[in-house]
Amino acid sequence: MSEKPLLSVRGLTTEFTTPEGKIARALEDVSFDVMHGQTIGLVGESGSGKTTTLMSLMRLLPAGGRITAGRVMFNDTNLLSLTEREMRDYRWKSMAIVFQGAMNALNPVMKVGDQIHEAIMLHNLMDEDAAEKRVRDLLEMVGIARTRRDQYPHQYSGGMRQRAMIAMALACAPDLLFADEPTTALDVMIQAQVLQLLKEIQKALGLAIVLVTHDLGVVAEVCDSVVVMYGGKVAEYGTADHIYNEAQHPYTQKLLEAFPDVTKPGDTLASIPGTPPRLTNLPPGCRFEPRCHVKVAKCSQVNPPLLEVSPKHYVSCILREGAEADLR
Amino acid sequence: MTQTPMLEVRGLFKYFPVHQALLGSLTRRAHSSVKAVDDVSFALGHGEVLAVVGESGCGKTTIARTLIGLETPTNGEIVFDGKAVGARAKQPHISLKQLRQRAQMIFQDPYESLNPRATIFEIVAEPLVVHGMIKDRRERIAAVKSALEDAGLRPAEDYFMRYPHELSGGQRQRVVIASAMVLQPELLIADEPVSMLDVSIRAEILNLLRDLRQRRGISIVFITHDLSTVAYFADRIAVMYLGRIVEIGPAREVLKSPQHPYTKALISVAPVPNPRLRRERVILQGETPNPINLPTGCRFHPRCPVAIDICKVNDPQLIELSAGHQAACLLLTK
Amino acid sequence: MGEHWTLFLRNIQEFWRTFRQNKLGMVGGFLVLVATLTAIFAPALTSYDASEIIRDSNNRALTFAPPSVHGILGTDDAGHDVWSQLVYGARISLVVGFMAGFIAMFVGSALGIVAGYFGGKIDSLIMRITDVLLVIPDLPLMLVLVATIRQMELKISPLVVLIIVIGLLYWTSTARLIRSQVLTVKERQFVARARAIGAGHWHIIRKHILPQLMPLIVTNTVLILSTAILIESGLAFLGLGDPTRPSWGTMLNFAFDRSAISNGAWWFYLPPGIAILWVSLGCILLGNVLEEMLNPRLTAHHLEGEAGMIAIAEAESKG
């Protein structure tokens, strides 16, 4: 990789201990790069590890969770080797997050503007007046009239609350924005507005965005590269074009076929029988083997590594192109 | 059409009174209301799938709930198989209880629509119990078993004694479908049946519904906000905006050549799973206004990209553009 | 049906497995169990009758004999064996407490369900009654009621009077609690689904509302039991018990009336006090633990991310 990435994740492995003492491997050997000013999509179903990936990168894992292996380089710093205090400095200032269902995360009895103001004052050395000016600039940037600064969250619509949360995430001018299902609970039109906003902000600020979603359509609209996750592992990783037009992992292929396309009415939808694996009880070989339609005997024994099949296109399947040697 | 339609809705209105704040109720000002459904008419043929599409607040869920009698219409008529629902004064009529034996509803959230303390057997057998049908134990077990198996839960016996929280979202929605199908209804009202499910499971449920429709020939009213799922199996589409149908017609025609500016915008923002096909999108600004104080004239004009002056004054009616394809826009002429 | 039976056993086993891990709950359960067993097996635990007068070698009544002189807990002012009174008193205290508690629970749940489910005028009426009962001070009201009923000489046992009065005055908190719970349950989608299927009110209440309330009702009953036992003790202490069938409260009443304290006869007044504490503490511990266990239902949602999935996985591995 010629250009130096902003964030480079290598071999990230995260485990949870359940209250009963069982180990759940939520992430295994997750690797990808986030380039400056680029949008990368983390796609997967429930339990695929996409949210855990975000939480691991921010080092905000809930109790019982810990990172057991891997490296997360942010520019030249390994985030995993920082102390909690140093890490706190990175959060929000260098990398900010818009949480899933964020529009419900606003404090209902505090003015929206005050909440953004608070976020700035908590982290920055800016004085009150400068912070106030920033609040108004941020609101304008996300398309909220300055006059609504002193309104309360219940006076905002869902879409506007989501915008306010994005403004709050941008408060300290981060280099990297994590967005966890930012459009899931929104109507299609509002969803389109929010995605457009993210694109505009990215252009204006040169921000890198990691978009976590289960919606392949959203990813196709805005992402430059895509990480498809399944059962806590990266199934396939490449540019958007690789994923949507040259998918090699059977899971990616099926997922695409299962997505209804408004431009092709009446098409049959492929379905993937079975359910995703339980993280406390993972299959010994490939995670997808129990549901795979092209599996061979070896799939149940070998846990396939993520290997490059063409420049910047990685697949973890022993049936990938040019992998005949693995089968013997 | 010479044949009586499965379902006919004539001039349906549903207004919800707004609870005024304390001051308002003291001063006894005129009560305002949420005009959730505001003069909607449509018909559904036997074995037909009609998709009702729109954003939240457009009244589509209220229509679904009104059809099955969970809400009482403020005005208008619902005619099921030629019989007026609940209208005792009219002949012929059909009672709500009789209607609910022949029409069933599937709710959006499979995590919420199953009683957490009932077993799957109890849930699926419940419609039989309620309507006092198939009293024989062995026959009842057989009916539940075949309903579960038709819904793709095999072997059915494995599920009988389990609780909803032991099942995945997709399995739960299958249970909901099994329970809806156990009475062999003629009409199914599905309110966003897949919007809470993962993509791979969504496809399975849609395939299941399509399959049931083909095998049993049941009619389906399919409520959704997602045009891409509609494209998949609806025969006709009704697009709603603020309590009204703004466009209705054969699915392919509406999707290929939408006439109403709102439909055009909706189709343009539907995500397409291919980055090579990123299209020009018509993103409407602002959000759906609240249905308490409706805009004057055409209710879409404040957000309409092509609105002209008369749109603020005249309220357009649905006009027939081609066979069965109607839209309500002042800019359209036959 | 055999399957139902296995399902029931499975639920009980699951319940026991979780319950066992909770120390406070185990303590509470132990306290209540011991008291209940004592009441049931009272005759086997003592060789004296509660009203039997113990006599010394001179055939004089052995009054205020300390435990070192007679039996386990000595004797009272009239020479009755205190231990026997205590174990037989357990019967009276627990029966009155349990019966009154169950009446309160039954009336409260029924009225709460009706008020919450049907709403409207019926709801207003029931809630106004609870308001009235809540503002009247309980103790004076009960004193007056019990005394008045006794005056009428209806030939009802004083214990039954106590049971009815306590039971019919202590349902208000249950009714309010149940009503508020019904208000949330009836808005849930599975209730709408039941209506859409064509189910009637009775069916919906019985099959969909009641099962969701059971944990609350069970918990509340256990807590009400403790209140009922305490109230019974209070009333009996004030002399409203049945003197021929003494409960723990009556024993305390006797002890105070007959100057046990000035005589230093601690074995006469301490044991019933401790017994009351024992049972009510047991009920409260048990009730709190049940509340903790039964209320938060495991409802992990699929969009909650992996942590939720792990929770589901756990729940599945338990089942």
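Predicted model: local features only at pLDDT ≥ 70, side-chain atom pairs only at ≥ 80, totals over all residues.

Select chain B and chain A together: about 3900 Å² is buried between them, and carbon and sulfur atoms account for 58% of that area. On the chain B side, highlight V199(B), P273(B) and E287(B), which lose the most area to chain A and together make up 16% of what that side buries. To display the whole contact, select 43 residues from chain B and 47 residues from chain A.

Next, show side chains across this interface. Two salt bridges are counted between chain B and chain A. A salt bridge joins the side chains of D241(A) and R276(B), with an N to O distance of 2.7 Å. Five residue pairs are in polar contact across the interface of chain B and chain A, with both residues at pLDDT 80 or more.

Now colour chain B by helix. The elements giving two or more residues to the side that touches chain A are α8 (199-216), α9 (227-233), α10 (251-256) and α11 (261-269) of chain B. Of these, α8(B) gives the most, with nine residues. By class, this side of chain B has 20 nonpolar, ten polar and 13 charged residues.

Move on to helix α4 (residues 120-130) of chain B. Nine of its eleven residues are buried, so the helix is largely enclosed by the rest of the structure. Among the buried residues are F121(B), E126(B) and L128(B). Their cover includes α3 (96-102), α5 (137-150), α6 (157-160) and α7 (169-181) of chain B, together with α9 (189-197) and α10 (201-240) of chain C.

Conventions
Residues numbered from 1 in each chain as written. Chains lettered and ligands numbered in written order. Heavy atoms only, no water. Contact = heavy atoms within 4.5 Å. Buried area = accessible area lost by both parts, 1.4 Å probe. Salt bridge = Lys/Arg side-chain N within 4 Å of Asp/Glu carboxyl O. Polar contact = N/O pair within 3.5 Å; in protein donor to acceptor, adjacent residues only side chain to side chain. Helix = DSSP H or I, 4+ residues; strand = E, 2+ residues; numbered from the N terminus. Nonpolar A, V, L, I, M, F, W, Y, C, P; charged D, E, K, R; others polar. Buried < 20%, exposed > 50% of the residue type's maximum accessible area, 1.4 Å probe, protein only.
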